[in-house]
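The sequence and the structure come first.

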Amino acid sequence: MKRSTAVAGVLVVMTAIAVVIGQADNPQVGLWKMNMEKPKFSTGTGFKSATSRIEAIDGGVKHTVDSVYIDGTTRRYSYATRYDGKDMPVLGNSPYGDTTAMTHVDANTTRTVYKNKGQVTVIQVSVVSPDRKTRTVTTKGTNPAGQTVDNLSVYDRQ
């Protein structure tokens, strides 16, 4: 009994290490701060500040967004997802919807489809630069309020 418990423990540790090592190659993972000199937004009042924290989790990422708009409105939302294209719930007050589905486009690029009540609202494409210092996010579609979204956000790695 003790031997099988020890073997199971070793397997759990090895799996955890493999997940961490696999995510170490994920250029999206990290803390990103919006470069306030570069964004372009089609809707809304603009930002005072915004950060995006992407953390490695088992087989995917947990993404947490914190933003403060010029008018004082704050938003904090997060989601945990794998890169399998399956809808996952968004927790908090996302401006884009209540679920996300994420896939890899290539080694430095991800595509996130936001939906609200089952209907696609916006599609985000996130590209990390080859030097891994900059992340550029384009967001296009129509938000749940019916406004056209055509945004470009540039984030610097912290």
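**Salt bridges and core**

Lysine 140 and aspartate 150 join their side chains in a salt bridge, with N and O 3.1 Å apart (a salt bridge is a side-chain nitrogen of Lys or Arg within 4 Å of a carboxyl oxygen of Asp or Glu). Because lysine 140 sits in strand β10 (residues 134-142) and aspartate 150 in strand β11 (residues 148-157), the pair ties together parts that are 10 residues apart in sequence. Strands (E, at least two residues) are DSSP runs, numbered from the N terminus.

This is a predicted model, in which local features need pLDDT of at least 70 and side-chain atom pairs count only at pLDDT 80 or more, while totals for chains, interfaces and linings use all residues. Residues are numbered from 1 along each chain as its sequence is written, and side-chain values use heavy atoms, with hydrogens and water left out.

**Salt bridges**

- The structure holds 4 salt bridges.
- In the pair described above, lysine 140 is partly exposed at 47% relative accessibility, and aspartate 150 is partly exposed at 41% (buried means under 20% relative accessible area, exposed over 50%, partly exposed in between, with a 1.4 Å probe and protein chains only).
- Another salt bridge links lysine 115 to aspartate 87, with 3.1 Å from N to O.
- Lysine 115 belongs to strand β8 (residues 109-116) and aspartate 87 to the loop between β4 and β5 (88-89), so this pair connects parts that are 28 residues apart in sequence.
- Aspartate 87 has a relative accessible area of 37% and is partly exposed.
- Aspartate 58 pairs with arginine 82, their closest N and O atoms being 3.9 Å apart.
- Since aspartate 58 is in the loop between β2 (47-57) and β3 (60-69) and arginine 82 is in strand β4 (residues 74-82), the pair ties together parts that are 24 residues apart in sequence.
- Arginine 82 is partly exposed, at 41% relative accessible area.

**Threonine 121**

- Threonine 121 is part of strand β9 (residues 119-128) and is buried, at 10% relative accessibility.
- Beyond four places in sequence, the contacts of threonine 121 include Tyr96, Tyr114, Lys115 and Lys140 (contact means heavy atoms within 4.5 Å).

**Nonpolar core**

- The largest nonpolar core has 20 residues, and Tyr77, Tyr96 and Tyr114 have the most contacts inside it (such a core is a set of buried Ala, Val, Leu, Ile, Met, Phe, Trp, Tyr and Cys residues joined through side-chain atoms within 4.5 Å).
- At least two residues of this core come from each of β1 (30-34), β2, β3, β4, β9 and β11.

Note on methods. Helices (H or I, at least four residues) and strands (E, at least two) are DSSP runs, numbered from the N terminus.
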